[in-house]
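Subject: Structure for you to look at

Hello,

Please find the structure below.

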Amino acid sequence: MSSERSEGEAATPRWVLGIESSCDEMAAAVVEHGIEVRSSSVHGQLDVHRPYGGVVPELASRDHLRTVSQVAEAALSEAGLSVTELDGIAVTAGPGLLGSLLVGLSFGKALAWRYGVPLVGVHHLAGHLAAAEIAEPELARPYLGLVVSGGHTALYRITDDTAPALLGQTRDDAVGEAFDKVAKLLGLPYPGGPSVSAAAEHGDAKAFPFPRPMQDRADFDFSYSGLKTAVALAVEAQGEGLAAAVPDLAASFQAAATDVLVSKSLRAANAEGLGQVAVVGGVAANTRLREEMAGHGAAAGVRAFFPPMALCTDNAAMIAAAGARLLAQGERHGLGLGAFSRVPLDQAPWAQAQG
Ligand code: KG4
Ligand code: ZN
């Protein structure tokens with residue numbers, strides 16, 4: 001693997017093509033000057049995976065192979081650009097499903113090599129955080145980053161000059177994973193997050209006193225497997241009456257899952273002396289989480305920022321934006337750049353700088 005950092009800081013590159021394929025979305029986007037989204041094309045695979053109630057890795061990578069060039073072409077043509085005009089190509093190198101990652105990564109490397117465009121590998125979570133930064137110019141480092149997705153639940157201190165510092169993370173399931181599993185228990189359609197929150201709209205969040213796991217501990221870690229088990233037991237207890245109880249179960253679960261995120265984030269912000277929190281990742285699309293974090297945050301003197309809905313779930317604009325920042329720091333990766341299924345945000349092995 002080759003990674004090099006040139007002397008001094010370069011200017012932010014003008015046109016960066018982002019490519020993201022870490023899970024079940026094939027996405028490409030063009031971002032100008034690291035901040036203006038000129039195009040963002042996302043090809044989802046809900047129909048491919050719905051019959052199985054979750055993402056099937058082999059099917060995901062095969063579908064990515066089928067769509068990668070169309071999606072990249074769509075992003076370029078919507079931005080009115082040809083590949084030769086690009087100043088950089090940013091591609092997700094991990095974490096994610098290995099087979100899925102490899103499709104976007106190989107495509108990005110091939111384009112970069114064929115047209116002599118600088119290439120940079122991006123950490124998927126650095127991308128999610130960049131989504132908040134490009135949408136909210138007032139969000140300034142240092143800030144607290146809460147990453148909540150299907151695979152991650154973690155709090156980071158994000159600064160300008162050092163790698164992100166991990167403050168706490170889930171010890172078992174990710175919060176998005178808990179939403180997906182609870183949806184299955186309740187018989188709600190895939191994908192779980194949006195269907196649980198839709199069902200919760202008609203339910204009473206106080207109907208079931210589900211636990212708020214780890215809420216009162218001094219650390220900033222999370223745990224979601226016990227909450228999921230509590231929902232499973234409540235579902236069992238409903239027997240034939242389950243259908244009628246679904247809205248209350250969904251609302252009570254959603255309240256428990258999001259309350260912990262809000263209280264731990266605000267405590268971490270206070271402990272770290274940070275006045276801004278950015279909530280990113282698929283679960284940042286959850287309306288209750290957005291409202292509660294904004295409301296309690298305002299009361300605690302912590303301003304909450306969220307990417308717009310379209311940039312919460314996986315997309316490539318966030319990868320292009322994070323990549324533009326790395327390119328401006330002088331980061332360049334060679335054709336030896338590999339894909340990594342598991343890799344902490346603060347230790348991306350392919351990068352020297354991973355802001
Ligand atoms: O960031 P993302 O698109 O992919 C990963 O990197 O994991 O996040 C997907 C996760 C899924 O678990 C999905 O159920 C959850 O985000 N999600 C939601 C909502 N929309 C998506 N969870 C709760 N409420 C939502 N509205
Ligand atoms: Zn993601």
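Donors are the N, O and S atoms within 2.8 Å of the metal (3.2 Å for Na, K and Ca); water is not among the atoms, so sites may look incomplete. The donors of the zinc ion (ligand 2) follow the spacing H-x3-H-x185-D along the chain. This is a predicted model, in which local features need pLDDT of at least 70 and side-chain atom pairs count only at pLDDT 80 or more, while totals for chains, interfaces and linings use all residues. Residues are numbered from 1 along each chain as its sequence is written, chains are lettered from A and ligands numbered from 1 in the order in which they are written, and side-chain values use heavy atoms, with hydrogens and water left out.

**Zinc site**

Which protein atoms hold the zinc ion (ligand 2) as donors? They are His124 (NE2), His128 (NE2) and Asp314 (OD), lying 2.1 Å from the ion. Helices (H or I, at least four residues) and strands (E, at least two) are DSSP runs, numbered from the N terminus. His128 lies in helix α4 (residues 124-135) and Asp314 in the loop between α10 (309-312) and α11 (317-328), so the pair ties together parts that are 186 residues apart in sequence. Both His128 and Asp314 are buried, where buried means under 20% relative accessible area, exposed over 50%, and partly exposed in between (1.4 Å probe, protein chains only).

**Two helices**

The axes of α4 and α11 come within 7 Å and cross at roughly 95 degrees. Axes are lines fitted to C-alpha atoms, for helices over the stretch in contact, and angles run from 0 to 180 degrees between N-to-C directions. That makes α4 roughly perpendicular to α11; angles of 65 to 115 degrees count as this, under 35 as roughly parallel, over 145 as roughly antiparallel and the rest as oblique. Among the α4 residues that meet α11 are His124 and His128. Contact means heavy atoms within 4.5 Å.

**The sheet**

An open sheet of five strands has the order β9-β8-β7-β10-β11, with mixed pairing. Two strands pair if DSSP finds at least two bridges between them. At the edges are β9 (165-169) and β11, each pairing on one side only. From one strand to the next, the twist averages 25 degrees.

Six bridges join β7 to β8 (residues 153-158), and these two run antiparallel. Strand β7 (residues 143-148) pairs with β10 in the parallel sense over four bridges, and Val147 stands opposite Val280 in β10. On to β11 (residues 303-305), β10 pairs in the parallel sense over three bridges.

Is strand β10 enclosed or open? Five of the five residues of β10 (residues 276-280) are buried, so the strand is largely enclosed by the rest of the structure. Gln276, Ala278 and Val280 cover one side, with Val277 and Val279 on the other.

**Backbone details**

Most residues other than glycine have a negative phi, and most peptide bonds are trans. The peptide bond from Gly94 to Pro95 is cis, with omega near -10 degrees, and the one from Arg141 to Pro142 is cis with omega near 0 degrees. His33 has a positive phi near 55 degrees and, at 43% relative accessibility, counts as partly exposed. Met214 has a positive phi of about 65 degrees and counts as buried at 15% relative accessibility.

Regards
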